[in-house]
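Visitor: I would like to learn how to read a protein model, one feature at a time. Could we go through it slowly?

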Amino acid sequence: MSWALVLTAPPAELELLAARLFERGALGVELQEPGQPLMPGTPALPPDAGRCIAHFAERDEAFRSAAELGRAEAPVELADEDWSVAWRKQHRPLRVGPRSWVQPPWEDAPARRGEVRVVIDPGMAFGTGSHPTTALCLERVDELLAERPGADVLDVGTGSGIIALLAVQLGAGRVTATENDPVALETARGGAKLNGIPDGRITWALAEPDALPGPPFEIVVANILLNTLVDLAPQLARKVSHGGRLVLSGLLASQAPAVEKAYEAQGLVALARKERDGWIRVELSRG
């Protein structure tokens with residue numbers, strides 16, 4: 001028999017919660033996020049929340065994890081199943097842009113000539129490309145680098161590093177990725193190794209945007225949350241070069257006007273929005 005610990009949390013906290021469960025011995029962790037299609041028979045998600053399902057081989061590990069995380073939910077016993085196999089079935093190759101795919105290490109995407117693959121290990125957590133906001137950002141990075149080959153890219157709040165990794169695979173010039181979470185940053189570094197990206201190709205920084213040296217970037221991407229995006233507006237705006245583009249997500253559709261107002265106050269011009277499953281991507285430019 002095996003044991004499952006089912007936890008609900010705000011969507012922004014799911015990936016960090018998954019990382020903590022892996023640290024405590026989970027064999028696999030499935031994330032169910034708002035806007036994500038659920039398997040038939042799966043209970044609906046609570047309002048404004050996601051679900052984290054961690055599988056453990058031992059009862060004591062499951063109960064200890066719940067206690068250490070301060071959760072009242074009790075683990076449930078499950079019939080025998082190879083969870084390492086069942087968990088993998090939840091993660092398949094995903095087309096994220098006109099020329100790009102995201103895939104797990106165990107299954108190659110059917111990429112054609114001229115298309116690229118980014119390998120993300122779901123066990124590393126912090127973003128696999130399946131959430132609408134991540135997918136929207138990846139899609140636009142692909143499109144912008146087709147329009148601006150070799151452009152410099154800044155990825156703020158990199159998480160798994162997926163946006164920075166895709167930028168490199170698509171031939172971006174200077175690529176920098178920032179984080180405020182050292183665990184996430186180490187995960188991103190591991191993702192670069194997994195994709196065969198040499199050390200130094202991406203600058204990984206545990207820093208605020210203003211602390212980064214060097215000139216502004218042609219493409220700046222931040223997939224975070226509204227309050228953080230508003231707080232960072234002066235810093236992010238300064239990192240956008242003349243004629244450059246700023247791509248923002250992590251936003252519900254209703255939040256687009258607020259984030260546009262914050263960045264227009266910094267001299268940027270709102271260009272476009274794109275919505276998917278109730279989430280939205282906002283694009284602005286300088287000059």
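Visitor: Does arginine 140 count as buried or exposed, and at what relative accessibility?

Guide: Please keep in mind that this is a predicted model. Residues under 20% relative accessible area are called buried, and arginine 140, at 10% relative accessibility, therefore counts as buried. Arginine 140 is found in helix 4, which covers residues 132-147.

Visitor: Which side chain makes a polar contact with the side chain of arginine 140?

Guide: That partner is glutamate 283, whose side chain makes the polar contact at 2.6 Å. If we set aside residues up to four places away in sequence, arginine 140 touches Glu147, Arg245, Val247, Arg281 and Glu283.

Visitor: How many aromatic pairs does a search of the whole structure find, and how should I describe one?

Guide: In general, one describes a pair of aromatic rings by the distance of the centres and the angle of the planes. In this structure the search finds 1 aromatic pair. The ring centres of tryptophan 3 and phenylalanine 63 are 6.0 Å apart and the planes stand at 65°, so this pair is edge-to-face. Because tryptophan 3 lies in strand 1 (residues 2-9) and phenylalanine 63 in helix 2 (residues 59-68), the pair ties together parts that are 60 residues apart in sequence. Tryptophan 3 is buried, with a relative accessible area of 13%, whereas phenylalanine 63 is partly exposed, with a relative accessible area of 31%.

Visitor: What sits over the ring of phenylalanine 63?

Guide: The charged end of arginine 59 does, at 4.2 Å from the ring centre. A further case is arginine 174, which lies over the face of phenylalanine 217, 3.9 Å from the centre of that ring.

Visitor: Against which elements do the buried residues of helix 1 pack?

Guide: They pack against strand 1, strand 2 (28-32), strand 3 (50-56) and helix 2. The buried residues of helix 1, which spans residues 14-23, are Leu14, Leu17, Ala18, Ala19 and Leu21. Just after helix 1 comes glycine 25, with a positive phi of about 105°.

Visitor: How many residues has the largest nonpolar core, and which have the most contacts inside it?

Guide: The largest nonpolar core has 32 residues, and Leu145, Leu165, Ile202 and Trp204 are those with the most contacts inside it. Helix 5 gives the largest share of this core, 7 residues. There is also a second, separate core of 26 residues, which includes Ala233, Ala237, Val240 and Val259.

How values were computed
Residues are numbered from 1 along each chain as its sequence is written. This is a predicted model: local features need pLDDT of at least 70, side-chain atom pairs count only at pLDDT 80 or more; totals for chains, interfaces and linings use all residues. Side-chain values use heavy atoms; hydrogens and water are left out. Rings of Phe, Tyr and Trp (its six-membered ring) pair if their centres lie within 6.5 Å; planes under 30 degrees apart count as stacked, over 60 as edge-to-face and the rest as tilted. Helices (H or I, at least four residues) and strands (E, at least two) are DSSP runs, numbered from the N terminus. Buried means under 20% relative accessible area, exposed over 50%, partly exposed in between (1.4 Å probe, protein chains only). A charge sits over a ring if NZ of Lys or CZ of Arg is within 6 Å of the ring centre and within 35 degrees of the ring normal. A polar contact is a pair of N or O atoms within 3.5 Å; within protein, one must be able to donate a hydrogen and the other to accept it, and residues adjacent in sequence count only if both atoms are side-chain atoms. Contact means heavy atoms within 4.5 Å. A nonpolar core is a set of buried Ala, Val, Leu, Ile, Met, Phe, Trp, Tyr and Cys residues joined through side-chain atoms within 4.5 Å.
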